[in-house]
Amino acid sequence: MKRILLLLMICIMPAISFAQKNDPVERMMRKMSVRDKVGQLFIINYGHYTPEGEIEQMIKKDRIGGLIIMEDEMVHYANRMNAFQQQSRVPLVISIDGEWGASMRFDTLTQFPRNMQLGALSNTDMVYKVGRAMADQFRRVGVHINYAPTIDVNNNPKNPVIGQRSFGDNPEKVAKYGAALIRGMQDGGVWTSAKHFPGHGDTDVDSHKALPTLPFDRARLDAIELYPFKEAINQDVWMVMVGHLNVPALDPTGMPSSLSYPIVTKLLKEEMGFKGIVVTDALGMKGVSTYMPAEMVPLASFKAGSDMLLMPAKDWHRSIRNVIKAVKSGEISRERLDESVRKVLKMKQQLGILEEKPFIDPKNIYEDTETKEVVDFIQQVCDASMTMVKRPSVALKGEGSLAELIKSGRAKEVVLDKRMSLASLDGAKASVKGAEYAVVYLPELRAPKNDFNSYSNMKPEEIYGFLSEWARQQKVILAVMNNPYVLDQIDMKDFDGIVIGYSSVDQNMKAMRKVLSGQIEAEGVMPVSAGGLPNGFSAK
């Protein structure tokens with residue numbers, strides 16, 4: 001028997017050796033220098049504002065592995081990417097932080113609902129279809145990786161950075177809905193990245209600005225923060241993004257999670273068994289870049305176990321040189337470098353871009369991406385997610401409905417200004433004076449590009465106090481075009497009716513009007529607990 005096994009091994013070994021020699025990844029690995037390999041780990045940010053020649057220099061000198069697209073006009077973007085691909089020895093992987101689709105970076109496109117609105121859907125079938133539809137758009141615009149979805153459990157209403165980016169505050173639901181979106185995108189041929197490991201939901205600090213702390217014990221982390229990531233790994237997510245968090249129960253040294261060997265390697269890779277690509281959150285964020293000299297952060301993150309190093313703070317060249325020096329000095333082994341580079345090249349092979357440089361056809365790129373089918377589908381999702389939390393006293397359809405009262409003038413609608421002031425609120429209230437019912441559309445208190453300083457001329461608590469007082473003087477039906485946490489800020493009992501519409505985009509405004517005119521039922525459920533109402537609640 002031993003002789004037979006030996007003969008089999010003798011016969012098999014040449015075949016294995018031949019296959020390895022002819023494998024495109026292994027062929028490329030043999031030809032690459034240390035500089036070539038290290039460059040493949042780095043993903044550099046590009047936008048329409050990027051200085052001319054900067055990316056070309058990174059491609060030529062540093063042999064970077066890919067780009068993350070920040071924002072650009074679509075045709076200009078396509079032409080730039082095609083030029084960059086021609087200049088790169090190894091084809092570049094093009095990535096995007098597109099949590100609500102390609103529209104997050106190409107603002108001429110219609111926006112998919114954010115995760116919290118998807119969490120209002122009654123099942124995951126439509127969530128999966130959202131993932132597929134997003135993937136179709138990404139493929140058309142030549143995007144290979146979407147750094148999404150966020151599977152943080154947002155159980156802290158005061159979280160300044162996650163909020164509507166989360167599916168909700170229930171770990172099981174977040175895991176289930178996150179897995180559906182991941183399957184949709186991956187089945188559509190786009191790599192996804194579950195984030196922000198080990199969990200950014202229960203924080204009141206924005207890691208873009210400082211290092212948040214998760215002060216919980218391991219049992220709590222397992223039950224809430226880590227739960228969706230375990231499920232995503234079980235569902236074969238291809239990539240996990242590590243956030244910048246201080247988690248003493250996982251690493252008592254205070255090291256940010258993105259730089260922590262106990263968190264990245266011991267927990268994520270070994271204990272949880274994740275075999276895919278580990279990507280960092282943006283390494284220029286203050287949650288990590290102030291922890292040590294910025295040019296040392298990528299090296300520390302790679303030593304912790306990360307495979308791809310996203311958006312290092314400038315000087316980019318110095319960050320790359322530091323990793324090269326660490327490999328050549330033996331601080332990082334060649335085997336450790338090869339492990340990550342092999343993952344990156346296999347990803348490119350799976351995407352079909354390892355041996356053939358991709359091309360983005362700029363002709364009709366907008367028309368092919370923004371199709372009637374996808375816009376209609378987005379409207380369907382918005383329609384299905386409207387959430388009734390307090391049914392109005394007036395009927396929404398049939399004789400004597402709200403729509404009829406609006407036609408007769410007994411009810412009036414008013415859309416509040418996004419940049420509210422006391423004067424604008426007084427004006428809105430005066431415009432519906434004398435009506436029996438006032439239908440008030442409350443927009444997101446958010447300015448373009450997250451300019452927190454220009455939300456409003458009033459503090460949020462002043463706005464909510466004004467609305468509650470208004471509702472004590474007139475029958476107010478409140479259309480909350482914002483997240484459900486508004487319910488914690490108002491006196492719900494004073495309002496005649498309340499419906500959650502999640503955001504002020506056109507599709508949600510249309511969906512809300514369909515609900516209030518009786519054209520459709522509000523079928524959504526509460527994705528979080530707020531206003532004394534539990535997750536999953538709806539007023540039927």
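Modeller: Strand β4 (residues 145-146) pairs with β5 in the parallel sense, over two bridges. Within that pairing, Asn 146 has Thr 192 of β5 as its bridge partner. Keep in mind that this is a predicted model. In general, the strands of a sheet pair through backbone hydrogen bonds, either parallel or antiparallel.

The two strands belong to an open sheet of six, which runs in the order β5-β4-β3-β2-β1-β9 with parallel pairing. At its edges are β5 (191-192) and β9 (309-310), each of which pairs on one side only.

There is also an open sheet of three strands, in the order β6-β7-β8, and its pairing is parallel. From one strand to the next, the twist averages 30 degrees. Two bridges join β6 to strand β7 (residues 239-242) in the parallel sense. In β7, Val 242 is the bridge partner of Phe 197.

The largest nonpolar core has 121 residues, and Phe 197 is one of the three that touch the most other members, together with Leu 67 and Tyr 77. A second, separate core has 36 residues, among them Val 414, Val 486, Ile 490 and Met 492.

Thr 265 sits in helix α11 (residues 261-271). Thr 265 counts as buried because its relative accessibility is 9%, and the cut-off for buried is under 20%. A polar atom of the Thr 265 side chain lies 2.6 Å from the backbone oxygen of Ala 304. Not counting residues up to four places away in sequence, Thr 265 touches Ser 260, Glu 270, Ala 304 and Gly 305.

Last, a helix whose length can be checked. Helix α17 (residues 372-385) has 14 residues, so at 1.5 Å a residue it should span 20 Å; its end C-alpha atoms are 20 Å apart, which agrees. The buried residues of α17 include Val 374, Phe 377, Ile 378 and Val 381, and also Gln 379 and Asp 383. Among the elements that cover the buried residues of α17 are α7 (125-140), α16 (365-369), β10 (387-390) and α21 (506-516).

How values were computed
Residues numbered from 1 in each chain as written. Predicted model: local features only at pLDDT ≥ 70, side-chain atom pairs only at ≥ 80, totals over all residues. Heavy atoms only, no water. Core = buried A, V, L, I, M, F, W, Y, C linked by side-chain atoms within 4.5 Å. Buried < 20%, exposed > 50% of the residue type's maximum accessible area, 1.4 Å probe, protein only. Helix = DSSP H or I, 4+ residues; strand = E, 2+ residues; numbered from the N terminus. Expected span 1.5 Å × (residues − 1). Contact = heavy atoms within 4.5 Å. Pairing = 2+ DSSP bridges. Polar contact = N/O pair within 3.5 Å; in protein donor to acceptor, adjacent residues only side chain to side chain. Axes fitted to C-alpha atoms, helices over the stretch in contact; angles between N-to-C directions.
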